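Thanks, everyone, for making time this morning. I would like to walk you through one model, beginning with a metal site and ending with a pair of helices.

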Amino acid sequence: MISSRIGGGGEHYTFNVKEKPVLVVVKGNFGIASQDIFNGVEKIVTLQRDWFGDYEYPFYRVVINERKEIIAGTAVKNQFVCFVKADIDADELNIILSHEMFHNWLPEKIKITHTADYYGTIYEWFTEGFTTYFAKKILLEAGLLSIEKYIELINKEIQNIGDSQLKNVTSAEIIATIKEGKFYSEYKKLAYWRGALIALKWEAELQNSKEKESLSGFIKALYRFAQNKGGKISEQEFHLFSEEFGIHAAADFEKYIVGGASILLPHSLPLEVSESVEIAEIDFHVFDPGFDLITTKKTSLISGVAKNGKAYNAGLRDGMKFVRSENSTRGDFGWNEDRLLKVTVKENETEAEITVAFIPLDSLVKIQQLSLKTVFTRMQ
Ligand SMILES: [Zn+2]
């Protein structure tokens, strides 16, 4: 692999997919070697185009810029630009690249059309959830993500739903929230997690069926179907197509997205890779800090303290001035179950800061988690 330095402190690398050039530019001082970034981009772009048999890109550019403390990306025609923190790890970077570039097909070339209000938001379970699912699947297939890490990330998404107070919210409730101007980021994240879990459910159902189809096969076929219709299909066409493939899309949409029911997985997931994955129920402590973290951060005042809850017993009261918190959001990168949640407050402007610490875990619930099936060979 050959790369060279260009003006503006960047490094660049060009490769071809079926004679079509792809330019990768890295600007910044990342903890990952540029060669590894280039290698990752080449594998992702090549595999995604191979997946769909879609090579109609006269030119494509991927630009990775360093920005403090964020991870964000934006796709424009023939280009993907992202801004990421310098200490991003290779898995995180590959996931954002794989996710954002997967949008070149979903929903760009597989658009499900509808006229109903708020339809775009309600359908994020498919456009964002399935993109979340396939982003990791592509990395697994490209050899950029280990099977252990793949399972760990899926388990985290299932935990995130388990933790969410919104886990059984209905589409009508979500629409009402948007109308009231109370829609916040956890509603959006929920669509990603739910959609990714529905994708995994369909994957397991397909792979456990007689035909041994896969969800990758489904999305590739759906892409070809959409191509014959100018990239756009109606919801009814989507449901009929899915049903013919052995997927009960209409029924699952009603049950899980419209109705908010909990999504349960079958007990095994035969991956296309050699390993087999088991799915079992485990006891899981729900994350519950005992106060409303979202409103607290928004208003800088401790809010929603539940009487005799964890925060209350540690000394937090509504109306205290919020200064900062540590280890406060399960699901965030770096959250550690073995560390205490710390909240620093001031009783009022003139008082000194006080820090309280407590375990933000509450009641036990059952959630499903994936694990690699170990095959033992008996010693004789
Ligand atoms: Zn996305």
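Let us start at the zinc ion, whose protein donors are His99 (NE2), His103 (NE2) and Glu128 (OE), lying 2.0 to 2.1 Å from it; donors here are N, O and S atoms within 2.8 Å of the metal (3.2 Å for Na, K and Ca), and water is not among the atoms, so sites may look incomplete. This is a predicted model, in which local features need pLDDT of at least 70 and side-chain atom pairs count only at pLDDT 80 or more, while totals for chains, interfaces and linings use all residues. Residues are numbered from 1 along each chain as its sequence is written, and side-chain values use heavy atoms, with hydrogens and water left out.

Along the chain, the donors of the zinc ion follow the spacing H-x3-H-x24-E. His103 sits in the loop between helix H2 (90-102) and strand E7 (111-113), and Glu128 in the loop between helix H4 (124-127) and helix H5 (129-141), so the pair ties together parts that are 25 residues apart in sequence. Helices (H or I, at least four residues) and strands (E, at least two) are DSSP runs, numbered from the N terminus.

Are these two residues buried or exposed? His103 counts as buried at 13% relative accessibility, and Glu128 is buried with a relative accessible area of 13%, where buried means under 20%, exposed over 50% and partly exposed in between (1.4 Å probe, protein chains only).

Turning to the helices, Phe218, Ala221, Leu222 and Phe225 in H9 meet Glu237, Phe238, Phe241 and Ser242 in H10, contact meaning heavy atoms within 4.5 Å.
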